[in-house]
Amino acid sequence: MHASAIIGETDTTSWYCMILFGMPDPGAPVLTPHKPQWLTVIRLIALDRYDHMPYLKVRIQMPSHFSHNFPPIGRCVIQCPSLEGSPLMAQVFTPKDKLAEWFETYAQALELNVWTKTTLTDSNWDEGERQWTLTLEREVGDKKETRTLHPRHVIQATGHSGEPYFPSHIEGLDDFKGDQLVHSSQFTGPEPNGKGKKAVIVGCCNSAHDIAQDYYEHGYNVTMVQRSSTLVVTCDSLIDVDMKGVYSEDGPPVEDADILDMSIPNPVSARLKVDANREINRRDAPLLQALTAAGFALDSGPDCSGIFMKYLHRGGGYYIDVGASQLIADGKIKIKQGQEIERVNAHSLTFKDGSELEADEIVFATGYQNMRETARKIFGDELADTVKDVWGFDEEGETRTMWRRTGHAGFWFFGGNLALCRFFSRLLALQIKGMEVGLMKYEDD
């Protein structure tokens, strides 16, 4: 995989309608309702970096029928050139490298205009002309070139999580003398032989579990610091209860499954998920009871509505078990529960209750800020203060600001898991298309 690959070339005239920042998660499907030469794509991250995680042991936890049938090549959700036989469907849980390679293959096959090693250095929105002026610095071979583009729409598709949240307020961070102290987004993996070393992971959701399991498999003594509670569900129960018959080999075509799933209003879906979550918990009871006995605090999502509602509500707070939960239940990964960190010492952490935990390595798997903060970093304070908060539910129970008008003309947010991106890419593209052909205005209700 070559992150420096450049696909396509276009002039910098004002007929661009779209610039898309961020790949791979949400990028490809939003392009496909329109001819590739109608737009330019700027990719700011490498295709082989999945879900903010640069280290190698990323575990894909959702089955391909739900999340990786995207774009469903050979069964296209939207009108686009198709390729028969997606390799992603050959396995229930697609390896991250294969997923990344498939995105690159998709871009090449459809001749999408993808730029890598490109940085936005300046942006300006002209309200009168209703267009952007974007200045980009781009590496081409061993040279750098500056390009100026004038799109009418910019889509920020950098992932719904935003910038890493690092608890910089904790005292003593600079005093730590161990091997590494990083946020999970900068974690590159444990030492090959960590026998006898002590690793502490602050956080207790997907990233934290993956990192803890990776540390354990490399011989470390591992402790996870769980400050609140976590929703835990096994893959088998999630698939059998929540997806079977819809997103499964014996289910309908994915476009029909998407309509069945996405057409239910979120408040109604939340109520239906309560019953499904109760059955999942019944099936997972032995594991959940063992976790509780190990001192791990569990929850069932908002109003006991389960994992998907928790994901839509806050974008995290859960773990889909792919092995770490049993390690916790067996005491192989230890839990420090319910205590905030008072300070970081040279080789340990001190907690509010006065207890101390030795550490050679510390990873803060403490999540990410709102997507607006990435917009602030890229486009500046004026735009970030104009757009609305992203993710969570609005007063009508719909997802806030994502895939819809943001409060700033010509600017859109796009993200979410692959299944959401597959479905809502069409709706976002149709909104832009409607504005471009005069069927609607940005200000319309």
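Tutor: Grid points are joined across faces, edges and corners, and a volume is the space filled by probe spheres set on the points. This is a predicted model, so local features need pLDDT of at least 70 and side-chain atom pairs count only at pLDDT 80 or more, while totals for chains, interfaces and linings use all residues. Residues are numbered from 1 along each chain as its sequence is written, and side-chain values use heavy atoms, with hydrogens and water left out.

Student: OK, how much space lies in the second largest pocket?

Tutor: About 710 Å³. It has 31 lining residues, and the closest to its centre are Asp-261, Met-262, Ile-264, Asn-266 and Leu-420.

Student: Which elements give two or more residues to that lining?

Tutor: Those are α5 (235-243), α6 (254-262), α7 (266-283), α9 (307-314) and α13 (418-436). Helices here are DSSP runs of H or I with at least four residues, strands are E runs of at least two, and both are numbered from the N terminus. The largest share of this lining, 5 residues, comes from α7.

Student: And what's the lining like by class?

Tutor: There are 20 nonpolar, 5 polar and 6 charged residues. Ala, Val, Leu, Ile, Met, Phe, Trp, Tyr, Cys and Pro count as nonpolar, Asp, Glu, Lys and Arg as charged, and the others, Gly among them, as polar.

Student: On to cavities, how many are there of 30 Å³ or more?

Tutor: The count is 2. The largest cavity holds about 60 Å³, and its lining includes Leu-231, Asp-242, Lys-273 and Phe-308.

Student: Where does the largest share of that lining come from?

Tutor: From α7, with 4 residues. At least two residues each come from β11 (231-234), α7 and α9. By class, the lining of the largest cavity divides into 6 nonpolar, 3 polar and 2 charged.

Student: Back to α5, which of its residues are buried?

Tutor: Cys-235, Ser-237, Leu-238, Ile-239, Asp-242 and Met-243. Buried means under 20% relative accessible area, exposed over 50%, and partly exposed in between (1.4 Å probe, protein chains only). After α5 comes Gly-245, with a positive phi near 90°.

Student: Which residues other than glycine have a positive phi?

Tutor: Asp-303 is one of them, with phi near 55°, and Trp-403 has a phi of about 65°.

Student: Where are they, and is each one buried or exposed?

Tutor: Asp-303 is in the loop between α8 (285-293) and α9, and counts as exposed because its relative accessible area is 72%. Trp-403 sits in the loop between α12 (381-386) and β18 (411-413), and is called buried because its relative accessible area is 6%.

Terms used: On a 1 Å grid over the protein atoms alone, a cavity is a set of points where a 1.4 Å probe fits but cannot get out, and a pocket is an open set with protein on both sides within 12 Å along at least five of seven lines; lining residues have an atom within 4 Å of a point.
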